[in-house]
Amino acid sequence: MMSRVGVRMICRAAVLCISVGLCITDARAQAPDTSAIYLYKGADRAERLVAKAREEGTLTFYTSMATTESGPLAQAFEKKYGVKVQLWRALSENVLQRALTEARGGRRSVDVVETNAPEVEALAREQVVAEFDSPHLADLPAWAIPSHRRWASDRANLWVTGYNTGKVKRDELPASIDGFADPKWKGRLSIEATDDDWMYGVTQFMGEERGREFFRRLAAQKPEMRKGHILVAQLVAAGELAVCLTVYSGNADSIKAKGGPIDWVAVEPLVGRPQALALAKNAPHPHAALLFADFILSPEGQKLLADMGRVPSSRTQKTLLDQHKSVMIDPIKWADEAPKWRKVWNELFLQ
């Protein structure tokens, strides 16, 4: 016969299980149907969205965008709508890892994610982010909206050739990327160490045979490899690196605007990577999240990005992509082909 102590222990365990089950059920019941919110197209969409977002009062924003840009963007949104933005900024791989870890652990923390499109595509494939609609999607080019519509590109990072103005003259730089295979550039070049997708973009433009041959010749120049796009721009400005083939134009412009001895040229082909904006499937503040996405993708938000030296995706703004031969990386194709190209990159530049 079971003792009274044993009976009590079983009863307590049963109560605990029931309580946990009720809590889980209650949490699921309270979780909003974000698809109904994100895809709502009623005539009262705008008014309803603003009202509900103000009721929520806040949103959490994970991004790799520098705080010198993401901060003012968040402040402009707060001023316009009275909704507070909790900003967390980190490198793109850290943004991806945090969002994935929280989702897998059942934590409803993030509302909006904005970082490199390949990383956001990974979140889409893990069902962490959800399809959404915005009236401003109509202003975006085809490369900015994937067929699954779980993210949209708000801006692009363009790889340009940055150079130290005290060490290199502008007219020394070639008009096309092929020119850097000339032996005269040996010992003078650098590349950001994670830019394997830049190589992929250039190769897509040139064709695989010609592209592979060019990168074999470029690797023979022994370019210096440094990790971090802000860092390489700073090192060029400091004179530690003379020329970097994969500087982000916005980073160079930020330093140049403060008087730093750095400038850049758009050596063709101009390669771009979409940066993507996505809304968490289980966002704790879904109305505020969608309103924030609307704001960033609107002509107002896109102009703010342009004024801060970024490259907005919207056709309402004019950018370098309108002026040069260019290629935009397809994040979905890249996600499928990345292992192949990373192997090539590592063998050429990181061994």
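This is a predicted model: local features need pLDDT of at least 70, side-chain atom pairs count only at pLDDT 80 or more; totals for chains, interfaces and linings use all residues.
The largest cavity is lined by Trp159, Val160, Thr161, Ile177, Trp198, Leu245, Val265, Ala266, Val267, Pro269 and Val271. By class, its lining divides into 10 nonpolar residues, one polar residue and no charged residue, and strand S5 gives the most to it, with three residues.

Two cavities of 30 Å³ or more are present in the structure. The second largest cavity, with a volume of about 40 Å³, is lined by Ala156, Asn157, Leu158, Tyr248, Ser249, Gly250, Gly309, Arg310 and Val311.

The largest pocket holds about 780 Å³ of space and is lined by 31 residues, of which Ser92, Glu93, Asn116, Glu119 and Arg273 lie nearest its centre. The elements that give two or more residues to this lining are helices H5 (92–104), H6 (117–125), H7 (196–206), H9 (229–238) and H13 (331–349), together with strands S5 and S10 (270–280). Charged residues number 12 in the lining of the pocket, beside 10 nonpolar and nine polar residues.

The volumes and lining classes of these spaces are set out below.

| Space | Volume | Lining by class |
|---|---|---|
| Largest pocket | about 780 Å³ | 10 nonpolar, nine polar, 12 charged residues |

**Strands and their pairing**

Strand S1 (residues 58–63) has five of its six residues buried, and it is therefore largely enclosed by the rest of the structure. S1 pairs with strand S2 (residues 84–89) in the parallel sense, over six bridges, and within this pairing Tyr62 stands opposite Trp88 in S2.

Strand S6 (residues 189–192) is described by the directions of its side chains as well as by its partners. Leu189 and Ile191 point one way from S6, whereas Ser190 and Glu192 point the other way, and all of these residues are buried. S6 runs parallel to strand S7 (residues 224–226), to which three bridges join it, and the bridge partner of Ile191 in S7 is Met225. S6 also pairs with strand S8 (residues 243–248), again in the parallel sense, over two bridges, and there Ser190 stands opposite Cys244 in S8.

**Helix H12 and its surroundings**

In helix H12 (residues 299–307), the buried residues are Gly301, Gln302 and Leu305. Seen down the axis of H12, these buried residues fall within an arc of 100°, so they line one face of the helix. Their packing partners are helix H4 (67–81), strand S5 (152–164), helix H11 (286–297) and strand S11 (311–312). After H12 comes Gly309, whose phi is positive, near 90°; Gly309 is also one of the residues that line the second largest cavity.

Helix H4, one of the elements against which the buried residues of H12 pack, also contains Gln75. The relative accessibility of Gln75 is 51%, and because the cut-off for exposed is over 50%, Gln75 counts as exposed. Between Gln75 and Asp133 there are 58 residues of separation in sequence, and their C-alpha atoms are 23 Å apart in space.

**The protein as a whole**

The protein comprises 13 helices and 12 strands, and its C-alpha atoms fill a box of roughly 90 × 55 × 35 Å, taken along the principal axes. Of its 351 residues, 52% count as buried. Among contacts in the protein with a separation of 6 or more, 80% are accounted for by residues 24 or more positions apart.

Terms used
Residues are numbered from 1 along each chain as its sequence is written. Side-chain values use heavy atoms; hydrogens and water are left out. Buried means under 20% relative accessible area, exposed over 50%, partly exposed in between (1.4 Å probe, protein chains only). Helices (H or I, at least four residues) and strands (E, at least two) are DSSP runs, numbered from the N terminus. The arc is that of the directions from the helix axis to the C-beta atoms. Contact means heavy atoms within 4.5 Å. On a 1 Å grid over the protein atoms alone, a cavity is a set of points where a 1.4 Å probe fits but cannot get out, and a pocket is an open set with protein on both sides within 12 Å along at least five of seven lines; lining residues have an atom within 4 Å of a point. Grid points are joined across faces, edges and corners, and a volume is the space filled by probe spheres set on the points. Ala, Val, Leu, Ile, Met, Phe, Trp, Tyr, Cys and Pro count as nonpolar, Asp, Glu, Lys and Arg as charged, and the others, Gly among them, as polar. Two strands pair if DSSP finds at least two bridges between them.
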